[in-house]
Amino acid sequence: MSAARLLSTVVTLVLFFFFLPKLSHAETISSYNGSQEHIYSLAEYNGKLYAGQGAGGGDGDIYVCTSGINLTCDPSDWAISYNGTQEAIYDLVVFNGKLYAGQGDSTGDGDVLVFDGTSWTTSFNGSQERIYSLVVFNNKLYAGQGSGGGDGDIFVCNPATSSNSTSCEAGDWTKSYEGGQNDILSLAVFNNKLYAGQGSGGGDGDVLVFDGTSWTTSYNGAQETIRSLGVFSGKLYAGVGLNGGDGDILKFDGTSWSTSYDGGNEEIRSFAVYNNRLYAGQGVSGNDAIVLVCNPGGTTCDPGDWSQYENYPEETIDDLIVFNDKLYGGQGKDTNNGDIFIVAQAPGAFTLEQPTAICKIPPPVIWSTSFDSSHNEVNNPTAFNNKLYVGEGTGNNEGDIWACNPGTNGLCDQQSEWTKSYDGPDSKDSIEAIEVLKDRLYAGEGSQEGDGDTQLLNSSGTSWSKVHDPGSPDQMRAFVEYKGKLYSGTGGGDDEGDLYVCTPAADGSCTSWSKTKDFGSGIRKVESLLAYNEYLYVGLGNQGGDSDVQRFDGTTWTKVYDGSVQRVKSLIEYNGILYLGLEGGANEGDIMACNPGPNGACDSGEWNITAFDGNNSSVDAMTIFENKLYIVEGTNVRYCTLDADGICNTDDWINIDNFPGDNGRGIEVFQDNLYVAGGDKLYLGTPNPQTNPYPSITLDWSASLGLDTNSRPASDYYEVYRSTNGIDYSFVASTGATSYVDENSLLPNTLYYYYIRAVNQIGSINSNSISILSTNCDTIPPSGSISLVDEECYTKVTFPNPLKIYAQDDYKVTEVTYNLRGPIDQNGSASLGEGSAQAGYWYIPNLVNNLINGYYRLQAHIKDIGGNTSGTQPRNFTIADKCKIPFLETTGGNIHSNESIDLP
């Protein structure tokens with residue numbers, strides 16, 4: 001029938017177990033309720049599930065599941081892909097990026113259809129009635145046909161024979177095997193050979209084998225048909241039958257055939273491998289639609305290893321397939337019984353492994369997408385005249401430039417803020433460089449056709465014009481201003497790594513360029529330029545050993561760095577040190593540093609500091625952001641944290657592990673934010689206000705095991721739960737992965753309890769619970785103050801009662817103590833009265849009731865969850881019955897007093 005498919009830190013640990021009611025062995029979920037009699041075939045194509053159905057004339061249709069949200073095909077997710085005119089779609093298979101379907105009805109209707117993702121066309125117009133089976137073998141597509149005496153032939157498509165080398169067209173098909181039986185019902189590849197199951201009448205259920213040259217008989221059967229073939233654990237399995245009791249399964253180890261399962265029903269119609277087990281679909285009588293499962297004791301399925309997995313109300317299980325980690329089955333009987341079901345189990349017990357707790361350094365920036373290109377690459381972000389410009393590439397007519405006019409927030413954080421500034425001609429593949437020179441914006445173009453030209457943006461910022469065409473070089477790769485002149489570096493083939501110079505006009509524009517330096521045969525590229533301390537530095541490149549730096553003082557050229565890898569990709573000065581970023585083979589993306597000598601120049605032999613020892617092949621770009629040196633290194637963005645020597649060394653770099661991009665092609669600072677070109681997007685990095693290290697706990701758990709140890713049912717997702725007492729758990733997050741990093745407002749030095757819940761359509765189950773002590777990341781002491789005015793006199797009426805102590809911490813205040821010295825000494829602790837543990841008032845209640853008149857000194861001490869303590873400023877105060885000394889004065893015959901006085 002259908003062709004077989006093979007899908008193929010200190011911690012404290014405390015264990016708690018959670019139990020749910022026992023769940024049934026399996027449950028059937030309806031995926032598709034068909035109107036025809038059978039679902040004969042199932043296949044996955046371009047991430048979607050396709051189903052071939054049929055019954056009578058015109059019922060051979062193909063449906064597709066459009067689900068992509070919950071990764072499950074529900075009844076409402078199906079739509080028609082092909083409305084057929086024949087009886088049935090018997091098989092589906094993917095070959096060279098296209099979906100092929102075998103259909104049939106009566107004589108001459110056994111055709112092969114092909115689907116390119118948009119439309120269905122005829123690939124093979126057969127002369128027989130049906131195409132029962134399809135399979136790919138040795139980069140060719142094979143089709144088994146029937147159905148009548150002697151019609152069991154096999155045709156093969158070799159796309160190389162036609163103009164389209166990847167698609168099977170009418171002229172690509174030839175007969176590979178001319179059979180004597182009625183049908184070729186199944187095809188499968190095993191041990192680099194092609195096997196075919198055929199049948200007609202009694203004793204015709206044979207298995208043929210093809211070694212790439214000739215067909216022979218591998219198994220001479222005693223039954224009528226070989227309905228299905230499947231491969232599992234290094235063995236070939238064949239489903240046989242037609243009459244009652246003939247539904248057996250045979251096993252082939254490459255040498256001999258034996259019985260794997262002696263069935264009591266009529267046919268074994270399909271195989272699938274799911275959760276490291278072999279499943280078989282059988283039929284064909286009332287209520288014989290049974291799914292069998294083999295739980296092998298060793299590596300093969302022997303007669304005692306098979307059991308009934310589930311029984312379905314129809315007559316046949318026509319096909320089985322694993323899609324999105326679920327087992328789907330196509331069944332049938334009569335009208336409206338051609339349905340699709342999902343076999344599922346509730347998750348079984350699984351293990352939460354020992355968590356790990358660390359302190360994480362907050363990433364210095366938070367990333368978002370600034371610009372999403374429709375081309376292959378985004379490169380060279382450059383700020384100019386309150387706009388941000390970015391180049392594109394790399395492909396024919398992809399060398400464009402876009403400009404962002406930032407929104408009211410000053411950020412380029414919306415795609416709508418970008419407009420195309422320059423639409424490059426068809427011959428240009430990419431923008432290789434963008435640079436601001438003499439208050440004008442220049443761009444270097446590139447291709448493979450000698451189109452390394454320079455474009456200049458006009459003074460109004462509205463249009464670009466070509467100002468330099470050097471002729472043969474393929475790319476214009478770098479620009480710099482040095483001693484009032486403009487320099488540009490080219491690249492491409494051998495001997496195209498040259499330097500050009502132009503004296504700008506008064507308005508900063510340059511239109512007359514001349515070659516000033518030819519760096520010699522073999523040098524292909526001027527990769528980077530830097531003007532520093534009255535010198536011009538040029539980074540070169542070609543093949544291994546050409547990563548050199550030439551220095552120019554305005555008169556003389558000197559090689560000052562002789563590299564062993566391919567290219568010097570970037571040059572920058574940071575904190576008085578010169579850095580060069582290299583590109584080469586694997587692990588050659590390093591940074592070398594030079595501390596300039598007394599003359600302010602880097603001479604040969606002074607590039608002797610390995611500033612960064614990279615694991616990628618290139619350091620593509622460097623910039624300075626918030627007084628730190630940032631680099632784009634392969635798929636990473638890193639920054640340097642200077643230590644006492646003031647030089648970036650290999651151990652001074654921190655990887656920003658939340659950077660979402662890849663294939664970095666540029667980095668720029670624009671209006672106090674960072675922009676990095678990575679892949680086909682430009683990413684915006686806004687400074688992160690969080691600066692203190694924070695706790696992080698990583699959870700890992702085993703793949704959820706089924707009710708027996710050899711089955712792993714699909715968990716649609718996992719839920720993470722957390723508690724601080726092991727009793728009251730709160731939901732944290734859900735994930736489809738088998739790991740989770742918890743950074744959700746964790747407190748340092750705190751015991752947390754976790755458990756994981758595996759969830760699928762049948763039910764859920766909890767893991768064991770494990771506790772772990774979070775790392776103490778709290779190094780900043782708390783702060784506080786006392787709500788008293790220093791050196792103030794209070795009465796018992798004016799004294800603030802209760803007294804407030806203000807305590808604040810970046811994590812949590814755990815204790816406030818105070819000591820009072822005076823006529824009455826008193827020590828105690830304050831209780832939290834209002835506010836939160838991060839910022840709140842703490843009270844000393846009724847303190848004044850115990851005080852007598854006199855002079856006092858009060859100080860509070862605050863402790864946080866990390867064990868840090870700090871003291872408040874002491875407050876000195878006086879308690880008295882009266883705090884003001886009465887006085888009388890006479891001015892101009894009037895008597896003045898600061899208090900009410902009883903006069904005699």
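Trainee: What makes the largest nonpolar core a core, and which residues have the most contacts inside it?

Mentor: A nonpolar core is a set of buried Ala, Val, Leu, Ile, Met, Phe, Trp, Tyr and Cys residues joined through side-chain atoms within 4.5 Å. Buried means under 20% relative accessible area, exposed over 50%, and partly exposed in between, with a 1.4 Å probe and protein chains only. The largest such set here has 24 residues. Those with the most contacts inside it are Ile 697, Leu 699, Trp 701, Val 720, Tyr 754 and Ile 756.

Trainee: Which strands each supply at least two residues of this core?

Mentor: They are β58 (694-700), β59 (717-723), β60 (730-735), β62 (751-759) and β64 (770-773). The largest share, four residues, comes from β62. A second, separate core has 23 residues, including Phe 799 and Trp 842.

Trainee: What kind of model is this?

Mentor: This is a predicted model: local features need pLDDT of at least 70, side-chain atom pairs count only at pLDDT 80 or more, and totals for chains, interfaces and linings use all residues. Residues are numbered from 1 along each chain as its sequence is written, and side-chain values use heavy atoms, with hydrogens and water left out.

Trainee: How many helices and strands does the protein chain have?

Mentor: Zero helices and 76 strands. Both are DSSP runs numbered from the N terminus: helices are H or I with at least four residues, strands are E with at least two.

Trainee: Why is the protein chain called more spread out than a compact globule?

Mentor: For 904 residues the rule gives 29 Å, but the chain has 39 Å, well over that, so it is more spread out than a compact globule. The C-alpha atoms fill a box of roughly 140 × 85 × 50 Å along the principal axes. Of the 904 residues, 56% count as buried.

Trainee: Why is the pair of Tyr 32 and Trp 78 called tilted?

Mentor: Rings of Phe, Tyr and Trp (its six-membered ring) pair if their centres lie within 6.5 Å; planes under 30 degrees apart count as stacked, over 60 as edge-to-face and the rest as tilted. The centres of these two rings are 5.3 Å apart and the planes stand at 50°, so the pair is tilted. Tyr 32 lies in β1 and Trp 78 in β5, so the pair ties together parts that are 46 residues apart in sequence. Tyr 32 and Trp 78 are buried.

Trainee: What makes Phe 124 and Trp 173 a tilted pair?

Mentor: Their ring centres are 4.9 Å apart, with 40° between the planes. Phe 124 sits in β9 and Trp 173 in β13, so parts 49 residues apart in sequence are tied together.

Trainee: How do you know that Phe 124 is buried?

Mentor: Its relative accessible area is 7%, so Phe 124 is buried. Trp 173 has 8% and is buried.

Trainee: Why does Glu 626 count as partly exposed?

Mentor: Its relative accessibility is 40%, so Glu 626 falls in the partly exposed class. Glu 626 lies in the loop between β51 and β52. Phi of Glu 626 is near 50°, a positive value in a residue other than glycine.

Trainee: Where is the cis peptide bond with omega near 5°?

Mentor: It runs from Asn 801 to Pro 802. Pro 802 is in the loop between β66 and β67.

Technical notes:
The radius of gyration is taken over C-alpha atoms; the globule rule is 2.2 Å times the number of residues to the power 0.38.
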